[in-house]
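I opened this model to look up its folds and surfaces. My entries follow, in the order I made them.

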Amino acid sequence: MKHLTIAPTFILACLIAYAAVAHAQQDGGMKVDPVRVDAKHYKVEFENDRVRVLRVSYGPGEKSVMHYNPDSVIVSLTGDKTRMTEPDGKSHEASAKAGAVIWSPAGSRLPENVSDKRDEVIVVEMKK
């Protein structure tokens, strides 16, 4: 009879833990790594104790998932038009020409390529 009491309690505890982690990964308490949650678009090209360099590539209309980037320098390889959605649901669009270098402050975001061509950038993430 004790097994019947333990199983529902264990299942409930697992569901609560899963919900807490899923909620935190949306932005809040955890800094969600884009390479871990979106390996289709993000590839580590180089990393040491000071920086991590990512190659990011999106096809037309493709988008990522909500993730976190530390302070970064972005170099546009192809030129782009991107919609960035913030954790609060607000979004804005930005364009860059090929070769443009842009400072991006730390934060969580969900990028989407809103152009009709492939978007490739190099992201140099600063480490503290």
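**Strand β8**

I started at β8, where G107, R109, P111 and N113 point one way and S108, L110 and E112 the other way, and all of them are buried. Buried means under 20% relative accessible area, exposed means over 50%, and partly exposed lies in between, with a 1.4 Å probe and protein chains only. The strand is mostly covered, with seven of its seven residues buried. Strands here are DSSP runs (E, at least two residues) and helices are runs of H or I with at least four residues, numbered from the N terminus.

**Ground rules**

I noted that this is a predicted model, in which local features need pLDDT of at least 70 and side-chain atom pairs count only at pLDDT 80 or more, while totals for chains, interfaces and linings use all residues. Residues are numbered from 1 along each chain as its sequence is written, and side-chain values use heavy atoms, with hydrogens and water left out.

**Whole chain**

I looked up the element list and found two helices and nine strands. Along the sequence the pattern reads α-α-β-β-β-β-β-β-β-β-β. The chain has 128 residues, and 31% of them count as buried.

**Sheet with β8**

Which strands sit beside β8? I read the order of an open four-stranded sheet as β3-β8-β5-β6, with antiparallel pairing. Two strands pair if DSSP finds at least two bridges between them. The edges are β3 (67-69) and β6 (91-96), and each pairs on one side only. Neighbouring strands of this sheet are turned by 45 degrees against each other on average, direction ignored. For such angles, axes are lines fitted to C-alpha atoms, for helices over the stretch in contact, and the angles run from 0 to 180 degrees between N-to-C directions.

I then checked each side of β8. Strand β3 joins β8 through three bridges, and the two run antiparallel. There, Y68 has S108 of β8 as its bridge partner. T82 stands opposite N113, and T85 stands opposite L110.

I found five strands in another open sheet, ordered β1-β2-β9-β4-β7 and paired antiparallel. Strands β1 and β7 stand at its edges with a single partner each, so one side of each is left without a neighbour in the sheet. I followed β2 and β9, which pair antiparallel over eight bridges. R52 stands opposite E125 in β9.

**Aromatic pair**

I searched for ring pairs and got one. Y42 and Y58 form it, edge-to-face, at 6.0 Å centre to centre and 85 degrees between the planes. Y42 lies in β1 (residues 42-47) and Y58 in β2 (residues 51-58), so the pair ties together parts that are 16 residues apart in sequence. My cut-offs were these: rings of Phe, Tyr and Trp (its six-membered ring) pair if their centres lie within 6.5 Å, with planes under 30 degrees apart stacked, over 60 edge-to-face and the rest tilted. Are the two tyrosines buried or exposed? Y42 is buried at 6% relative accessible area, and Y58 is buried at 4%.

**Largest pocket**

I looked up the largest pocket and read about 530 Å³ of space. A pocket is an open set of points on a 1 Å grid over the protein atoms alone, where a 1.4 Å probe fits, with protein on both sides within 12 Å along at least five of seven lines; lining residues have an atom within 4 Å of a point. The volume is the space filled by probe spheres set on the points, which are joined across faces, edges and corners.

The lining has 26 residues, and I74, T82, M84, S104 and R109 lie nearest the centre. Strands that each supply at least two lining residues include β4 (72-76), β7 (101-104), β8 and β9 (119-126). The largest share, four residues, comes from β6. By class I counted 14 nonpolar, eight polar and four charged residues. Nonpolar covers Ala, Val, Leu, Ile, Met, Phe, Trp, Tyr, Cys and Pro, charged covers Asp, Glu, Lys and Arg, and the others, Gly among them, are polar.

Last, I checked D116 in the loop between β8 and β9. D116 counts as exposed at 72% relative accessibility. D116 and G59 are 57 residues apart in sequence and 8.1 Å apart in space, C-alpha to C-alpha.
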